[in-house]
Amino acid sequence: MENERLLQILDNSACLTNRQMTGYMKHDLFPEELRVVELHLSGCPFCSDALEGLAEHHEKIDLVAG
């Protein structure tokens with residue numbers, strides 16, 4: 001439930017989308033989009049914090065699944 005709420009917030013913001021953040025974490029973005037995401041992250045504390053939270057959440061899932 002909490003994860004769904006976070007994704008909803010991200011999708012409704014003027015910042016990075018969930019797809020962009022997930023692609024960034026999975027190293028699955030085209031070079032042009034990677035540059036845009038990195039530039040945005042360098043100046044947006046909200047997205048930087050959100051990305052950190054998503055990364056922690058994914059690490060927990062990997063630990064449980066592994």
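Gln 20 lies in helix H2, which spans residues 18-25, a helix being a DSSP run of H or I with at least four residues, numbered from the N terminus. The model is predicted, so local features need pLDDT of at least 70 and side-chain atom pairs count only at pLDDT 80 or more, while totals for chains, interfaces and linings use all residues. Residues are numbered from 1 along each chain as its sequence is written, and side-chain values use heavy atoms, with hydrogens and water left out.

Leaving aside neighbours within four places in sequence, Gln 20 is in contact (heavy atoms within 4.5 Å) with Leu 29, Glu 33 and Val 37. With the same exclusion, Cys 47 touches Cys 15, Leu 16, Met 21, His 40 and Leu 41. Although Cys 47 and Leu 16 are 31 residues apart along the chain, their C-alpha atoms are separated by 6.8 Å.

Cys 47 also belongs to the largest nonpolar core, which has 10 residues, among them Leu 16, Met 21, Leu 29, Val 37 and Leu 41; such a core is a set of buried Ala, Val, Leu, Ile, Met, Phe, Trp, Tyr and Cys residues joined through side-chain atoms within 4.5 Å. Helix H3 (31-43) and H4 each supply at least two residues of this core, and H4 gives the most, with four residues.

Note on methods
Buried < 20%, exposed > 50% of the residue type's maximum accessible area, 1.4 Å probe, protein only.
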